[in-house]
Each structure stands twice: as structure tokens, then as C-alpha cells.
Amino acid sequence: MDEKTRTAAGIARDLQALNYDEKRLGEIATELAILNDAVRRAADARLVFDDEPAGFKSALERSAK
């Protein structure tokens with residue numbers, strides 16, 4: 001089990017009280033990596049360090065359309 005899959009397993013188990021088999025955890029880790037990359041790209045394109053935290057939500061909403 002790679003590090004991303006172990007992280008997904010820990011989050012599912014410890015924070016959500018969910019248990020999945022190793023295959024599904026690998027799929028979840030892949031899905032989370034794709035989602036995380038999309039969110040980071042959207043934020044990088046629209047936000048700078050000094051922006052207000054509320055700007056992050058607005059940037060995500062604009063990207064979703």
C-alpha cells in the first residue's frame with residue numbers, strides 16, 4: 001500500500017469511521033489526487049497569497065461553472 005493509499009485509509013477509518021478494502025482505498029486515493037490537483041490549479045490561477053480566505057470559495061465556484 002503506497003503512502004497516498006495509507007493516508008486515504010487513515011482518513012476513512014479515523015475521521016469517517018469507514019472501512020474499505022485495499023482496492024477501493026487505492027481508487028479513492030487516485031480520485032482524491034485528481035480532485036486535489038484540480039483545486040490547486042484553480043486556486044493558483046485565481047488567488048495570490050494576500051487574498052482573503054473567502055476568495056478561495058469564490059475562486060472554486062467560478063472554476064466549477
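Helices here are DSSP runs of H or I with at least four residues, numbered from the N terminus, and buried means under 20% relative accessible area with a 1.4 Å probe, counting protein chains only. Keep in mind that this is a predicted model, where local features need pLDDT of at least 70 and side-chain atom pairs count only at pLDDT 80 or more, while totals for chains, interfaces and linings use all residues. Residues are numbered from 1 along each chain as its sequence is written, and side-chain values use heavy atoms, with hydrogens and water left out.

So who is tucked away in α2? The buried residues are L25, I28, A29, A42 and A43. The helix itself covers residues 22–46, and its 25 residues reach 36 Å from the first C-alpha to the last, close to the 36 Å expected at 1.5 Å a residue (that expectation is 1.5 Å times one less than the number of residues). At its N-terminal end sits a cap: a side-chain oxygen of D21 lies 3.1 Å from the backbone nitrogen of K23.

Now step back to α1. Its 14 residues should span 20 Å at 1.5 Å a residue, and the end C-alpha atoms are 19 Å apart, which agrees. D2 caps the N-terminal end of this helix, with a side-chain oxygen 3.3 Å from the backbone nitrogen of K4. T5, A8, A9, G10 and A12 are the buried residues of α1, and α2 is among the elements covering them. Just after α1, A17 takes a positive phi of about 55°.

Over to α3. The axes of α2 and α3 (lines fitted to C-alpha atoms over the stretch in contact) come within 9 Å and cross at roughly 110°. The two helices are therefore roughly perpendicular to each other, a label used for angles of 65 to 115 degrees. On the α2 side, V39, A42, A43 and R46 make the contact, and on the α3 side F56, A59, L60, R62 and S63 do; contact means heavy atoms within 4.5 Å.

Take A42 as a close-up. This α2 residue is buried, with a relative accessible area of 9%. Leaving aside neighbours within four places in sequence, A42 is in contact with L60 and S63. The C-alpha atoms of A42 and A64 are separated by 9.2 Å, though the two residues are 22 residues apart along the chain.

Notes. Buried means under 20% relative accessible area, exposed over 50%, partly exposed in between (1.4 Å probe, protein chains only). A polar contact is a pair of N or O atoms within 3.5 Å; within protein, one must be able to donate a hydrogen and the other to accept it, and residues adjacent in sequence count only if both atoms are side-chain atoms. Axes are lines fitted to C-alpha atoms, for helices over the stretch in contact, and angles run from 0 to 180 degrees between N-to-C directions. Angles under 35 degrees count as roughly parallel, over 145 as roughly antiparallel, 65 to 115 as roughly perpendicular and the rest as oblique.
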